[in-house]
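Me: I would like a close look at one part of this model. Please keep the answer brisk and connected.

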Amino acid sequence: MRDDDMDRKLAQVTDELRRPVSLDPWLDQRIMRAVRARSEPRGVVAWLRRTHWVALTPLQAAAALMLVAGAGGVLAGLAAGRPVAVEPPMAVVTAAMSDAGEPVAFLFHAPAASRVALVGSFNDWDGEAMPMEALPGGLWRIEVRVPAGRHAYSFLIDGEHWAHDPQAPRTAEEDFGRATSVLVVPEQRS
Amino acid sequence: MAESSEDAALVSRVVHGDTEAFGGLVRKYRKRYERYAYHMLGNQEDAEDALQDAFIRAYEGLRGLHQPERFGAWLLSILANRCRTSRWRRSVRDARFVPEQVEVGVTPDAAGAVEWREEISAALGELPLEQREAFLLHHVEELEYEEMAQVTGAGVSALKMRVKRARDFLGRQLAEAR
């Protein structure tokens, strides 16, 4: 092969090799998850600082919601003669309140999944918007702020499989032809 | 490779406890280096593993980085080392291209392009690791030989020889292609 032919051929090769390649779009999140895991303190202090999860029946969860929301507020409502509607929640609503919505923690068990995302009416069913964090034991967790009201949601496994929340009521309607669950976030109390 | 005060600021934040600042470095360099990892290792899965390992090693060694403004070059040297210790695990054809996708519903031009990529990948896979590394760093990532020496730890003259041998080999292998 002549030198100029060789140069032309190698230019074609490098042009081809300089094209962008496409890896997992979730790779950044995977890397950061691994980095965060290495940044967490270990030992008793770490255990105390970590969030711990328990499985609750809808009735237990309703009781937990009442406790977390503050018995005072509930009792005040009852004392004023106003009914306090507590619908069966599928995620524990924490005590902190904000104009941006309620912080709600979602927990899902999917030991075979390599990634899980929370999708719902509160994020336009965007599978990229709310990736869940992998925990030991095949558990996945995310805490997000959700506006007050009724929402439908699902878990998106490995970007293609939809699963409803087994701990939560199912929606009567099937959004997008798939099983979805119901989340009801109470109005913020003043 | 250019020094970056922005990188130095992010490194400083991470070292002082702001783990999330590392995300800025991940977003900047993951995209920049994924092509190198992919061509060095020959498939997506190994490239992703190598990138993840490199970032984790960088995070764990960040306190020992004396020139944080050169984080990019340092990360590339970690990645290059990680790729070097890996190996060409599976055949290029199995890992990169699914033959059914070539045969169904593509134009002859598109099929020819896929075949051309396959031939390049196969030729790259036959190169000795250090020649593949030198060729990719010089001709694809466009590093100068002095920069390559810093990344690989090899001498400039050795790197020039590796690039030349890689060029000769690829030229011969691909002479009849396309």
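How many helices and strands does the secondary structure of chain B come to?

Reply: The secondary structure of chain B comes to 10 helices and 0 strands. Along the sequence the pattern reads α-α-α-α-α-α-α-α-α-α. Chain B has 178 residues, and 35% of them are buried. Take the contacts in chain B between residues at least 6 apart in sequence: 69% of these join residues at least 24 apart.

Now the contact between the chains. Chain B gives 29 residues to it, and chain A gives 23 residues. Several helices of chain B each supply at least two residues of the side that touches chain A: H2 (22-41), H3 (44-60), H7 (108-126), H8 (129-140) and H10 (156-173). By class, that side of chain B holds 14 nonpolar, 7 polar and 8 charged residues.

Chain A needs a check on confidence. Its mean pLDDT is 70, and 60% of its residues reach 70 or more. Helix H5 (residues 71-79) of chain A has the lowest confidence, at a mean of 45. Strand E2 (residues 116-120) of chain A has the highest, at 90. Over residues 49-56 of chain A, pLDDT stays under 50, and the model has 3 contacts beyond four places in sequence for them. Over residues 71-99 of chain A, pLDDT also stays under 50, and there the model has 48 contacts beyond four places in sequence. Where pLDDT is low, the predicted coordinates should not be read in detail.

The strands of chain A come next. E2(A) runs antiparallel to strand E5 (residues 149-157) of chain A, and 5 bridges join them. Within this pairing, Val116(A) has Ile157(A) of E5(A) as its bridge partner. E5(A) also pairs with strand E7 (residues 181-185) of chain A, in the antiparallel sense, over 5 bridges. There, His151(A) has Leu183(A) of E7(A) as its bridge partner. Strand E6 (residues 161-163) of chain A is antiparallel to E5(A) too, with 3 bridges between them. The hairpin of E5(A) and E6(A) has 3 residues between the strands. In that hairpin, Asp158(A) takes a positive phi near 50°.

Conventions. Residues are numbered from 1 along each chain as its sequence is written. Chains are lettered from A and ligands numbered from 1 in the order in which they are written. This is a predicted model: local features need pLDDT of at least 70, side-chain atom pairs count only at pLDDT 80 or more; totals for chains, interfaces and linings use all residues. Two residues are in contact if their C-beta atoms, placed from the backbone, lie within 7 Å. Helices (H or I, at least four residues) and strands (E, at least two) are DSSP runs, numbered from the N terminus. Ala, Val, Leu, Ile, Met, Phe, Trp, Tyr, Cys and Pro count as nonpolar, Asp, Glu, Lys and Arg as charged, and the others, Gly among them, as polar. A residue is buried if 20 or more other C-beta atoms lie within 10 Å of its own, exposed if 12 or fewer, and partly exposed in between; C-beta atoms are placed from the backbone. pLDDT is the predictor's confidence in each residue, from 0 to 100. Two strands pair if DSSP finds at least two bridges between them.
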